[in-house]
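Hi,

Here's the structure I said I'd pass on.

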Amino acid sequence: MKRKRTPTHPAVNEPRPRRRIHEEAAGKLPDVAGCPRCGISYRKGRWSAKPAPVGAYERVCPACTRVATDDPGGILHVGGAFVAEHRDELLGLLRHVEERERKGHPLKRIMAVQDEDGGFAVTVTDAKLVESFGRALHKAYEGTFEHPPTEAAPERFVRARWTRDHASGGRGASA
């Protein structure tokens, strides 16, 4: 089924960009490959959470490559007075969102959590995961989520910020 753009879409008369194909220097990846570090597999043009069969071609996945080279896809800065009191709750929510996202997209991962003045920073492998985290925090605890629009391009780096200074309000907040 071919999707159509609405007549009011700003790019209605432009052709859609070609889909990104996972390519290596020597060409496309083999039909079935597995990442030796995390155990996910590459099948039919995409990475999936299913383990690779025995004897499959070994290739390090893009997420493990990002972790090894310390090349994040995005950073979410979480800060404010509320964060100091509810740090563990906020990190639990972010881990839950990561787990949910990884079921459908195994390349979306948290790389590191670093403490900062008045909060912490979460480094991730995928720019879209930053947006998912910010929306989940805003939905659960309100606050302010500042972020640029994200694109699906893998080279796009996103830096976003979620802050909350007041202690009352939000469905997940405790009084």
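This is a predicted model: local features need pLDDT of at least 70, side-chain atom pairs count only at pLDDT 80 or more; totals for chains, interfaces and linings use all residues.

H1 itself covers residues 62-69, and its buried residues are Ala63, Cys64 and Arg66. Looking down the helix axis, these buried residues fall within an arc of 155 degrees, so they line one face of H1. What do they pack against? The buried residues of H1 sit against strand S8 (110-116). Ala68 and Thr69, on the other side of H1, are exposed.

Next, the sheet. Four strands make up an open sheet with mixed pairing, and the order is S5-S4-S3-S6. Strand S5 (46-48) and strand S6 (57-58) are at the edges with a single partner strand each, so each has one side left without a neighbour in the sheet. Strand S3 (residues 32-34) and strand S4 (residues 41-43) run antiparallel to each other, paired over three bridges. If you want to find that pairing on screen, Val32 has Arg43 in S4 as its bridge partner.

One more spot to look at is Glu131, which belongs to helix H4 (residues 127-141). Is Glu131 buried or exposed? Its relative accessibility is 12%, and since the cut-off for buried is under 20%, Glu131 counts as buried. The side chain of Glu131 also makes a polar contact of 2.6 Å with the side chain of Arg135. As for helices in general, an α-helix has 3.6 residues a turn, so residues three or four places apart point the same way.

Cheers

Definitions and conventions:
Residues are numbered from 1 along each chain as its sequence is written. Side-chain values use heavy atoms; hydrogens and water are left out. Helices (H or I, at least four residues) and strands (E, at least two) are DSSP runs, numbered from the N terminus. Buried means under 20% relative accessible area, exposed over 50%, partly exposed in between (1.4 Å probe, protein chains only). A polar contact is a pair of N or O atoms within 3.5 Å; within protein, one must be able to donate a hydrogen and the other to accept it, and residues adjacent in sequence count only if both atoms are side-chain atoms. The arc is that of the directions from the helix axis to the C-beta atoms. Contact means heavy atoms within 4.5 Å. Two strands pair if DSSP finds at least two bridges between them.
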